[in-house]
Amino acid sequence: MPLEYWDDRKKKYVLYVSSQQHSLDCERFPFNHIPCRVFLDTNVINCLVKWRSQIFEREPIPPNTEETLALDIEALMHVFHVGSRADWDLVGSPKTLDELSRTRNPDLRDDLLDYGIQIVDHLPKTDDRQLTFEFAHHLFDSPSVIALPDIADRELIGNAITLECDAFCTCDRSTIVSKRNKLHRLPLRILTPAEWWSHVKPWAGLWG
């Protein structure tokens with residue numbers, strides 16, 4: 001399902017076909033609930049790098065692209081278009097780089113690491129930074145995340161928590177999103193790219 005609609009009268013794509021629809025979304029997704037500090041799962045970074053022409057240059061998504069992937073690409077395109085003018089933080093951790101460095105294709109690995117380093121390098125260089133990540137490493141045995149089958153996912157979410165992110169964005173619907181109702185008392189939201197965009201969309205006009 002596309003995230004934009006063709007308006008025959010205006011002869012352009014629009015985000016809403018009616019003011020009523022826009023008002024309903026404003027109620028569902030209040031402005032103060034927009035994620036402002038988002039930890040990017042490694043699969044999101046993969047999507048950003050592999051589909052950078054579509055996301056950052058707004059090139060058409062190939063028509064044979066799998067539906068869920070196409071939705072993620074389009075959502076990220078919108079989020080990053082608005083985010084280029086908004087004051088939001090994109091966050092990664094050394095664990096992010098560790099995961100990306102395991103990519104087998106050397107050219108893709110280099111591109112992924114180039115992007116990952118940009119967001120990890122934005123982290124504050126504090127004396128207790130290493131202690132922060134050691135704490136996150138041990139969090140993977142916590143009841144808060146034990147429902148996640150992948151230990152690496154637990155550690156990344158632990159990083160996001162200790163780095164005070166308000167959202168963890170992932171494309172992993174099978175082993176993370178499907179388990180989030182079992183992740184009790186997490187102090188952040190786990191969102192797909194489309195859900196992230198849902199929070200931003202009603203207010204996108206504020207950033208021109």
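Reply: Start with a cut-off: a polar contact is a pair of N or O atoms within 3.5 Å, where one must be able to donate a hydrogen and the other to accept it. Keep in mind that this is a predicted model.

Me: What makes N105 a cap of the N-terminal end of α6?

Reply: A side-chain oxygen of N105 lies 3.0 Å from the backbone nitrogen of D107. At the start of α4, a side-chain oxygen of E66 reaches to within 3.1 Å of the backbone nitrogen of T68.

Me: Why are the buried residues of α6 said to be on the same side?

Reply: The buried residues are L108, L112, Y115, G116, I119 and V120. They cover an arc of only 135° around the axis, which puts them on the same side of α6.

Me: What do the buried residues of α4 pack against?

Reply: They pack against α2, α3, β4, α6 and α9. Among the buried residues of α4 are A70, I73, L76 and F80.

Me: Why is I45 called buried?

Reply: Buried means under 20% relative accessible area. I45 has 0% relative accessibility, so I45 counts as buried. This residue lies in helix α2. Beyond its sequence neighbours up to four places away, I45 touches L40, T96, L100, L112, Y115 and I119. I45 and L113 are 68 residues apart in sequence and 9.4 Å apart in space, C-alpha to C-alpha.

Me: How many aromatic pairs are there? And what makes F39 and F168 a stacked one?

Reply: The count comes to six aromatic pairs. For F39 and F168, the centres are 5.7 Å apart and the planes 15° apart. Centres must lie within 6.5 Å, and planes under 30 degrees apart count as stacked. Both conditions hold, so the pair is stacked. F39 is in strand β3 and F168 in strand β5, 129 residues apart. F39 counts as buried at 0% relative accessibility, and F168 counts as buried at 0% too.

Me: Why is the pair of F56 and F80 called edge-to-face?

Reply: Their ring centres are 5.6 Å apart and their planes stand at 85°. Planes over 60 degrees apart count as edge-to-face, so that is the label here. F56 lies in helix α3 and F80 in helix α4, so the pair ties together parts that are 24 residues apart in sequence. F56 is partly exposed at 39% relative accessibility, while F80 is buried at 13%.

Me: How do you know that the charged end of K201 sits over the ring of Y16?

Reply: The distance to the ring centre is 4.6 Å for K201. The limit is within 6 Å, with a further limit of 35 degrees from the ring normal.

Notes. Residues are numbered from 1 along each chain as its sequence is written. This is a predicted model: local features need pLDDT of at least 70, side-chain atom pairs count only at pLDDT 80 or more; totals for chains, interfaces and linings use all residues. Side-chain values use heavy atoms; hydrogens and water are left out. Buried means under 20% relative accessible area, exposed over 50%, partly exposed in between (1.4 Å probe, protein chains only). Helices (H or I, at least four residues) and strands (E, at least two) are DSSP runs, numbered from the N terminus. Contact means heavy atoms within 4.5 Å. The arc is that of the directions from the helix axis to the C-beta atoms.
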